[in-house]
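Subject: A structure to look through

Dear colleague,

I am handing over a structure for you to look at, together with some notes on what was found in it. Please open the sequence and the model first, and then read on.

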Amino acid sequence: MNDSYTVKVGDDFDFKLSKDTISSLDLIKTGENAYHLLQNGTSYHLKILHSDFNRGRYTLSVNGTEFETSIQTPLDELIQKMGFAVNAGKNIDSISAPMPGLILDILVEEGQEVNEEDQLLILEAMKMENIITSPRSGVIKTVSVSKGEAVDKKQLLIEFQ
């Protein structure tokens, strides 16, 4: 498995980004879900308008123009090639951190009933705020992290009943 992400913008444009390329970006956070990018002498104002972290789909505004994007990790591509992605979210009984980061906010509590796609928590990682949503409907059994806590990749975040 390689360390590059496949990024698709709309139906017309797709490209690969390596972790090294991402980490070398001249990117500064300017507000909640807002960033400034300087690339090859050109300034870009970016805003994340909507994010669906579990599906890797994002709506971005770049200098005022909206783009629908999707991002696939090497693991996403492998799972898709192996055919395991169909209804995979329906059997999930816990959510682990997909990458190291910082818990910015927890939007649910133990015993709370949630629906598929409900927002559960916000994880800041790689200079981005990622909203972790519920992969299925159910009841929150435990919330294993707290606001402000640094988490490691694969660390347990939330369990379902």
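Let us begin with Lys29, which counts as partly exposed because its relative accessibility is 36%; here buried means under 20% relative accessible area, exposed means over 50%, and partly exposed lies in between, with a 1.4 Å probe and protein chains only. Before going further, please keep in mind that this is a predicted model, in which local features need pLDDT of at least 70 and side-chain atom pairs count only at pLDDT 80 or more, while totals for chains, interfaces and linings use all residues. Residues are numbered from 1 along each chain as its sequence is written, and side-chain values use heavy atoms, with hydrogens and water left out.

Side chains of opposite charge can pair when their charged atoms come close. A salt bridge is taken here as a side-chain nitrogen of Lys or Arg within 4 Å of a carboxyl oxygen of Asp or Glu, and by this rule the count comes to 2. In one of them Lys29 pairs with Glu124, the closest N and O atoms being 3.8 Å apart. Because Glu124 lies in strand 11 and Lys29 in strand 3, this pair ties together parts that are 95 residues apart in sequence; strands are DSSP runs of E with at least two residues, numbered from the N terminus. The side chains of Lys29 and Glu129 also meet in a salt bridge, at 2.4 Å from N to O, and since Glu129 lies in strand 12, the pair ties together parts that are 100 residues apart in sequence. Is Glu129 buried or exposed? Glu129 is buried, with a relative accessible area of 12%, whereas Glu124 is partly exposed, with a value of 27%.

Strands of a sheet pair through backbone hydrogen bonds, either parallel or antiparallel. In this model, 7 strands form an open sheet in the order 2-1-7-6-5-4-3, with antiparallel pairing; two strands are said to pair if DSSP finds at least two bridges between them. The edge strands are strand 2 (13-18) and strand 3, each of which pairs on one side only. Strand 1 (residues 4-9) and strand 2 pair in the antiparallel sense over 6 bridges, and Val7 stands opposite Phe15 in strand 2.

Phe15 also takes part in the 1 aromatic pair that the structure holds. The ring centres of Phe13 and Phe15 are 5.2 Å apart and their planes stand at 45°, so the pair is tilted; rings of Phe, Tyr and Trp (its six-membered ring) pair if their centres lie within 6.5 Å, and planes under 30 degrees apart count as stacked, over 60 as edge-to-face and the rest as tilted. Phe13 is partly exposed at 48% relative accessibility, and Phe15 is partly exposed at 29%.

Thr59, in strand 6 (residues 57-62), is buried at 9% relative accessibility.

Strand 9 (residues 101-106) is joined to strand 11 (residues 119-125) by 4 bridges, and Leu121 in strand 11 is the bridge partner of Ile106. Strand 11 and strand 12 pair over 6 bridges in the antiparallel sense, and they form a hairpin with 2 residues between them, where Met126 in the turn has a positive phi of about 50°.
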